[in-house]
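Let's take a walk through this fold, strand by strand. Have the sequence and the model open side by side.

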Amino acid sequence: LIMPVFENCLVALEVKDLPIKEKNNLKKSITANGGSITYVINKKCTYVVASNMDTVSSNRLTSIRKFQVPVVGMEYVSQCLEKGRLLNTGDYPPAKSQRHSPPPATTHWGHVEERSGEKPRGPPETPQEVKLEENAKGGSSLGQFRIYRENEAGLPAYPSDFKVAKYLVLKKADAVVVVELHSCKGNPSLPFRVTQLWRSPAGQAPKTKKEMIFTLTSEDAMMAYRLVLKELKDQGFSPMKELPSDVKLLGSEKLGELLLEQSLNSSTISKEVAVFVELLWTEALGRLSNLLLNPISSVSSNDVSRAEGILQQLRKALSNGANQGQLFAIMAEFYRVLPHKNMADTLITPKVVSQKEDLCQLIRDIINVSEATLWSSTPSSLAKYRALRCSIEHVDPGTAEFFTVKELVKYWYCRFSL
């Protein structure tokens, strides 16, 4: 018997810049030839397939180095299939674009570290760094840079796939400012941007103000970033050590993703969050045991991917006006992949499809926890929290934020109860 090329291989994909169709084709090439897709990089991971190393987050790179997982380019998959065997991973490195002298990578609360993952840098050592430091302390001013306002005529276009190189959140009384330094490779004329996003103090109309500086070089971007911070500190603003949840929503979407990644990689969670996660976990397992015919331990990531593909076919058939007989035939294939205790749907509607998609996501979350803990029978609350891929914080009762959340829950509960 000829074994499938990727038999027993657990492959993680880092292909954020690929179109959906190409990404799905890559997944199918692996799963159809014996492999499985994993969303967690650990010692069980066989390979990481990356379209471009510049799109891999620092946290994922840390996991790759920690577990010494081979990283290959997408060509590796096609070449293995063409040759009919696993090839030497060293011959198929992933692409790495030439950047425009980008600023260093982000660490917690705006400190900086080298992109190789080394420790944060100390005081400036090179003449160029010393010059930047001196300019920020006094010799230069923001007047040398053009400052744009949001929606201003002539505002330069900037790609949405930028990276947050540095950031800092500052506060003065009730006023908050988020300062970010962005870099991107898709804007060769102005690859760097410094943004300030202001939130008006409490008691005033809820307004935000955004100001931006665009530069050609990383040196000018670093200078602008330092000068912006110096001006804010001269006005009495000071850095925030901890960010309330509402402040995290003030920055760019990319900063939100970065903060979420940092939160998920935290080594501890509060007792209150742990209790809440355990409640969610218990409820989820109870729901699955009531729905699925087989135990969750017998379901693989590959099964979930196949089930999700069938649901996509079902949604397409619904949009094309298929009759219930045709829809039931497709749903029968879904139930074959994920057997249910009760497989009698009275009517297949978009709502039913959405419920099954939610079920697939729930199963995937539980599988992710199992993979992250090497299929431990008693995974920790922290592992379960990370698998949820969302930030959960405890809000003290009696605070204004607690009251706001409580009112929102009551409002939506009343709406859905009607």
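Below, we go through the strands and how they pair. Keep in mind that this is a predicted model, where local features need pLDDT of at least 70, side-chain atom pairs count only at pLDDT 80 or more, and totals for chains, interfaces and linings use all residues. Residues are numbered from 1 along each chain as its sequence is written, and side-chain values use heavy atoms, with hydrogens and water left out.

Start at strand β9, residues 175-183. (Strands here are DSSP runs of E, at least two residues, numbered from the N terminus.) 9 of its 9 residues are buried, so β9 is largely enclosed by the rest of the structure. Buried means under 20% relative accessible area, with a 1.4 Å probe and protein chains only. Look at both faces: Ala175, Val177, Val179, Leu181 and Ser183 are buried on one side, and Val176, Val178, Glu180 and His182 are buried on the other.

Now for the neighbours of β9. Two strands count as paired if DSSP finds at least two bridges between them. Strand β8 (residues 163-172) runs antiparallel to β9, with 9 bridges, and Leu168 has Val179 as its bridge partner. The hairpin of β8 and β9 has 2 residues between the strands, and Ala173 there takes a positive phi near 55°. β9 also pairs with β10 (residues 192-199), again antiparallel, over 8 bridges; here Val178 stands opposite Leu197.

Elsewhere, there's an open sheet of 4 strands with parallel pairing, in the order β2-β1-β3-β4. Its edge strands, β2 (36-38) and β4 (71-72), each pair on one side only. β4 is joined to β3 (residues 47-50) by 2 bridges, and Val49 is partnered with Val72.

Key. Buried means under 20% relative accessible area, exposed over 50%, partly exposed in between (1.4 Å probe, protein chains only).
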